[in-house]
Amino acid sequence: MKKFEQFHTIKTGEAKLTNGFWANRVENYADIIDNLEEALLNEENAARMLNFGIAAGEIEGEFYMNDWSDGDCYKFIEGCANQYAVTKDERILKVINKYIPWIEKSQEEDGYIGTQTLLTDKTRWTHLEVHEIYNFGHLFTMACVHYEVTQDDRLLNVAKKGADYLWKLFSPRPKELAHFGTNPSQIMGLVELYEITKDKKYLDLADIFVSMRGESPELGGDGTQNFIPLRDETQPIGHAVKGAYLYAGAMDVYGHTGDKTLLNAIEKIWKDLVKRRIYITGGAGPQYVGISDRGNLVREAFASEYDLPLRVSYNETCANIAVAMWAKRMLQITGEAEYGDWMETIMFNAGISGSSLDMKRYFYSNPLAHRANHHIEPTFQQYTHVPNERFFTFDCWCCPPQLLRTFTGMPKWIYSLSDSGVAINLFGGSELNTTLKSGEKVAMNIVTNYPWDEKIAINIENAPKDMDLTFRIPAWCENATLNSKAITCGMHTIKVNSGDTIMIVLPMQAQLYTCDPLLEQSNGMFAVKRGPVVYCLEGSDIENNISIDELTIPEDTQFTETTIDEFPYGMVGLKADLVHRPQGQGLYQPAKNNSKKKVSVRFIPYFSWANREEQDMSVWLPRA
């Protein structure tokens with residue numbers, strides 16, 4: 001058997017979205033960018049571009065709100081650069097160029113940059129929650145993308161100067177700072193900086209940050225993945241964004257060093273995640289505050305095994321996307337289909353449910369149930385971000401720019417490259433124009449309305465003779481065909497040539513899913529999926545205003561596909577008849593005989609919930 005050849009991400013701008021699901025989500029990119037910029041210039045938003053203007057001496061004011069504001073501003077610029085790469089819309093470049101001088105002037109002489117300390121009385125490197133590392137990491141990634149797209153080195157120079165500062169500070173591995181790699185976007189950012197500059201100390205520093213985890217457990221705990229060394233860890237633990245960023249960054253390091261101790265550890269952590277600790281939607285990090293399995297205080301965290309509540313689930317948008325980033329790296333490194341299946345699950349469900357369909361209002365958390373007349377109110381800081389309505393500005397505004405850079409960066413999720421060929425990670429209407437390591441040109445496109453439609457056409461316009469094309473047939477599809485011939489689930493590599501057209505058909509129909517009995521919150525219930533999309537039920541899609549809590553779903557439910565006319569993009573809804581089960585009053589009551597009354601309902605994609613009036617919502621329903 002041919003040894004698997006590791007894939008890597010394409011360069012920004014080598015592919016663009018053309019049609020279908022992902023192209024639809026950014027077709028109004030100018031309005032989306034304007035909307036986000038307006039929030040970033042709002043004096044009372046938690047993420048503020050204004051802080052850079054104040055630090056640069058360009059405007060008057062004081063630092064406001066979150067210490068991680070800088071990093072979220074960098075994510076916004078990265079998202080803009082992604083979109084400029086494929087549209088060359090000068091309006092986007094004008095937005096980016098407006099803020100580059102502010103960022104340049106905010107950097108101190110030694111390379112440190114952080115408005116949360118520069119504009120306040122906070123001292124550098126004294127408290128984890130000042131988020132210095134997080135901000136540096138997003139600076140590095142943003143600067144690399146911006147340089148890749150524009151060849152303008154202003155932000156890249158800021159990033160290099162900042163990385164050189166971190167090298168001087170952390171390369172000696174001072175014990176008192178061993179726990180300061182928390183919320184480690186800097187690992188991925190440093191590897192990207194290494195790939196752009198070829199300066200090996202950036203890769204070495206990324207490796208140092210990975211290896212420092214757990215070196216000083218007395219200074220940290222499970223909440224920041226600091227209780228034991230990463231290479232000894234066996235489960236995802238602590239803050240879910242911080243954890244997923246760490247695991248994804250470790251795989252970036254492994255991709256260059258080949259350190260099998262890293263791969264072995266991350267594979268164990270992943271297997272534990274998907275066996276015990278992830279939602280059917282791909283949501284991750286259900287627990288706002290609690291205790292880890294080893295007795296440490298954790299927040300916004302992966303929970304204990306099989307503890308996946310529905311209405312109070314945390315599932316921060318940034319965490320869900322971070323787990324997808326981790327899965328993508330695992331897919332590229334190992335070529336194992338499971339990682340691609342979960343990446344796809346997240347990206348069509350919990351990864352994108354945080355934004356309204358027009359990308360102008362947002363959720364921080366992504367629960368799997370909601371009751372309009374029984375809100376979860378914050379008590380003792382618990383459930384503080386359970387959403388009741390979507391926001392424009394917010395007290396933790398990290399998710400909107402995360403969604404922007406994800407949507408506009410989707411071409412880099414769809415395609416990967418090896419030395420000898422191309423991999424398609426996700427099916428989406430797009431075009432790729434790239435060059436292999438050999439110098440040979442590749443041009444191809446995908447035409448599809450997946451996941452609403454089952455057909456995917458891959459057109460090879462130009463390729464070297466017998467080029468390898470790798471793709472994944474999802475695990476949910478049992479009757480897939482390739483050019484009219486049956487093909488099994490999993491990863492496949494075929495030879496293609498210029499002029500070839502490959503037709504993949506992934507038949508999909510609504511299907512009921514159950515859960516492991518140990519998952520008590522969903523045991524005895526059904527969820528509905530069609531292809532990769534998880535569905536939910538909202539109150540306005542139930543006839544006669546019957547309560548969602550009085551409905552049960554029979555095992556033999558038949559679904560009829562329908563277009564959701566009040567939503568954009570021709571999304572597929574699922575009509576069905578459920579069974580009415582009247583409820584009594586009080587916490588407990590005698591069981592009543594189930595009625596045989598049928599109730600007509602329509603399920604909608606989970607990611608599209610909360611785009612109408614506030615109402616009840618459930619992903620899981622009791623079986624009849």
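**Exercise 1. A residue and its surroundings**

In which helix is A322 found? Say too whether A322 is buried or exposed, and which residues it touches.

*Solution.* A reminder before we start: the model is predicted.
- Step 1: Locate the residue. A322 is found in helix α13, which covers residues 317-334.
- Step 2: Check the accessibility. The cut-off for buried is under 20% relative accessible area. A322 has 0% relative accessibility, so it counts as buried.
- Step 3: List the contacts. Setting aside neighbours within four places in sequence, A322 is in contact with A244 and Y245.
- Step 4: Compare sequence and space. A322 and Y247 are 75 residues apart in sequence, and their C-alpha atoms are 9.4 Å apart.

**Exercise 2. A tyrosine in a helix**

Find the place of Y165, and work out why it counts as buried. Which residues does Y165 touch?

*Solution.* 
- Step 1: Y165 has its place in helix α8, residues 154-170.
- Step 2: Its relative accessibility is 10%, and therefore Y165 counts as buried.
- Step 3: Leave out residues up to four places away in sequence, and the residues Y165 touches are D110, G111, Y112, R124, W125 and F136.
- Step 4: Now try a pair across the model. Y165 and H375 are 210 residues apart along the chain, and 47 Å separates their C-alpha atoms.

**Exercise 3. The protein as a whole**

Does the radius of gyration agree or disagree with that of a compact globule, and why? Then describe the extent, burial, contacts, surface and charges of the protein.

*Solution.* 
- Step 1: For 624 residues, a compact globule would have a radius of gyration near 25 Å; the protein has 24 Å, so the value agrees.
- Step 2: The C-alpha trace spans about 75 × 65 × 45 Å along its principal axes.
- Step 3: Of the 624 residues, 62% count as buried.
- Step 4: Take the contacts in the protein with a separation of 6 or more: residues 24 or more positions apart account for 70% of them.
- Step 5: To finish, count the elements: the secondary structure comes to 16 helices and 24 strands.

**Exercise 4. A hairpin**

How many residues lie between β3 and β4 in their hairpin, and which residue in the turn has a positive phi?

*Solution.* 
- Step 1: Strand β3 (residues 287-291) and strand β4 (residues 297-301) run antiparallel and are joined by four bridges.
- Step 2: I291 stands opposite L297 in β4.
- Step 3: Five residues lie between the two strands, and G295 in the turn has a positive phi of about 85°.

**Exercise 5. A strand and its partners**

How many of the nine residues of β21 are buried? Trace the bridges of β21 to β19, β20 and β22.

*Solution.* 
- Step 1: Strand β21, residues 572-580, is mostly covered, with seven of its nine residues buried.
- Step 2: Strand β19 (residues 551-552) is joined to β21 by two bridges and runs antiparallel to it. T552 stands opposite V579 in β21.
- Step 3: Strand β20 (residues 560-563) also runs antiparallel to β21, through four bridges. T562 has G573 as its bridge partner in β21.
- Step 4: Six bridges join β21 to strand β22 (residues 598-605), again antiparallel. D577 stands opposite S600 in β22.

How values were computed: Residues numbered from 1 in each chain as written. Predicted model: local features only at pLDDT ≥ 70, side-chain atom pairs only at ≥ 80, totals over all residues. Heavy atoms only, no water. Rg over C-alpha atoms; globule rule 2.2 N^0.38 Å. Buried < 20%, exposed > 50% of the residue type's maximum accessible area, 1.4 Å probe, protein only. Contact = heavy atoms within 4.5 Å. Pairing = 2+ DSSP bridges.
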